[in-house]
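The following exercises are to be worked with the sequence and the coordinates at hand. Each task is followed by a solution in steps.

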Amino acid sequence: MNLSSLVIPVLLSAVAVYGLGKRVDVYAALTHGAEEGLTVLLRIVPALVGLLTAVSMFRASGAMEWLSGLFAPALELLGIPPETAPLLLVRPVSGNGALAVASDLMASHGPDSYVGRVAAVMLGSTETTFYTIAVYFGSAGITKTRHTVPAALAADLTGFAAAALAVRLFFGTGG
Amino acid sequence: MTMAWVWTGMVTLSLLFGLATGNLDAVANAALEGARSAVELGVSMAGILCLWSGVMEVMNACGLSAGLARLFRPILRRLLPNACRDTETLAAVSANVSANLLGLGNAATPLGIRAARRMARGCGGVASDELCLLVVLNTASIQLLPATIASVRAAAGCRTPFDILPAVWLASALSVTAGLAAAWLLSRGRKER
């Protein structure tokens, strides 16, 4: 038995039992949350239609390979697979764009391949940096952001290199 | 507007590359195939995404996020000592961190903005060291259960979509540490000059 097969059923029942113990209507909360999941999806899908169209064209035309080749020497130095170059470029700008690029990488390399896993971990360990900075400073009325952008990009770059490192550590480069 | 430039650039580059390499048939097919696969991806993600959003909502209703927020208060007091003298800012920041941990992005952003607004009062549009730190914290991902990513993996045919969790946690921890360290070093460097 796989350990991760234990996690999901245990988590589901533990959360439900704990909630009932606290007299929370867990079923109503579950369905309400699921509804929110649908709203998220409704926002994601139109963006994905635009972005996956562009990403698929980009790959089919050979431009993706050219872009990856352009960044390959620098990325290999950091231990990052060059196939993920487009993901690195889109990630700080657009969350849905990153989702589209990552799902394209998983579809073409396989979700359990080295590149597929690195793409997933990159997506999970970084954020849409420029969007977040714009929203926070925009609503707080800040015009001088000082060292925020370089520090946030340092976090992103570390996240990308760490994603590749963590996948090599836990899964190796095979698969 | 950024995405308008990115999208136009990608599509135009694809056209030029397609013309140059003679792959134009494949590019045309890929455009239609991409649009189709987007909806397919959305449908195959839907179940898992909704289930986990539901589970997170149950955890939230059980008071787990309030508990997490309490847990993070001592750390946040150290990280943002000036801002956390104001109890309302401290409450907003700790709720922001716990919502981020649970992956409740929709809840996290308004809380973080409330904190940022309070911290920006009377500073004349210049971000303080602590405000920079708060924003850097929010540009790094600290999600415990990345449900969207797991659902994309499942949609791509992965049978154990959550097996990347330890790798995500390790990479997130390193990334957050690097962001905070960079913010600290840069703010010190500028003061000494």
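Two residues are in contact if their C-beta atoms, placed from the backbone, lie within 7 Å. The structure is a predicted model, in which local features need pLDDT of at least 70, side-chain atom pairs count only at pLDDT 80 or more, and totals for chains, interfaces and linings use all residues. Residues are numbered from 1 along each chain as its sequence is written, and chains are lettered from A and ligands numbered from 1 in the order in which they are written.

**Exercise 1. State the confidence scores of the model and of chain B.**

Step 1. The model has an ipTM of 0.87 and a pTM of 0.88.

Step 2. pLDDT is the predictor's confidence in each residue, from 0 to 100. Its mean over chain B is 89, and 98% of the residues of chain B reach 70 or more.

**Exercise 2. Describe the secondary structure and extent of chain A and of chain B.**

Step 1. Helices (H or I, at least four residues) and strands (E, at least two) are DSSP runs, numbered from the N terminus. Chain A has eight helices and zero strands, and chain B likewise has eight helices and zero strands.

Step 2. The C-alpha trace of chain A spans about 55 × 50 × 30 Å along its principal axes; for chain B the spans are about 65 × 45 × 25 Å.

Step 3. In sequence order, chain B reads α-α-α-α-α-α-α-α. Its radius of gyration is 21 Å, well over the 16 Å that the globule rule gives for 193 residues, so chain B is more spread out than a compact globule. Here the radius is taken over C-alpha atoms, and the rule is 2.2 Å times the number of residues to the power 0.38.

Step 4. Among contacts between residues at least 6 apart in sequence, 61% in chain A join residues at least 24 apart; the corresponding value in chain B is 62%.

**Exercise 3. Characterise the side of chain B that touches chain A.**

Step 1. The interface brings 83 residues of chain B into contact with 85 residues of chain A.

Step 2. At least two residues of this side come from each of helix H1 (2-21), helix H2 (24-61), helix H5 (105-119), helix H6 (129-139), helix H7 (147-155) and helix H8 (165-192) of chain B. H2(B) provides the largest share, 25 residues.

Step 3. By class there are 53 nonpolar, 24 polar and six charged residues. Ala, Val, Leu, Ile, Met, Phe, Trp, Tyr, Cys and Pro count as nonpolar, Asp, Glu, Lys and Arg as charged, and the others, Gly among them, as polar.

**Exercise 4. Which residues have the most contacts inside the largest nonpolar core?**

Step 1. A residue is buried if 20 or more other C-beta atoms lie within 10 Å of its own, exposed if 12 or fewer, and partly exposed in between, with C-beta atoms placed from the backbone. Buried residues account for 50% of the 175 residues of chain A and 49% of the 193 residues of chain B.

Step 2. A nonpolar core is a set of buried Ala, Val, Leu, Ile, Met, Phe, Trp, Tyr and Cys residues joined through C-beta atoms within 7 Å. The largest has 116 residues, and those with the most contacts inside it are Ala102(A), Ala119(A), Val121(A), Ala163(A), Leu134(B) and Val136(B). H2(B) gives the most to this core, with 15 residues.

Step 3. Leaving aside residues up to four places away in sequence, Leu134(B) touches Leu80(B), Val93(B), Ala115(B), Ala116(B) and Met119(B).

**Exercise 5. Is H7(B) largely enclosed or open?**

Step 1. Eight of the nine residues of H7(B) are buried, so this helix is largely enclosed by the rest of the structure. Among them are Ile149(B), Val152(B) and Arg153(B).

Step 2. The cover over these buried residues includes helix H5 (95-109) and helix H6 (114-125) of chain A, together with H2 of chain B.

Step 3. After H7(B) comes Gly157(B), whose phi is positive, near 100°.
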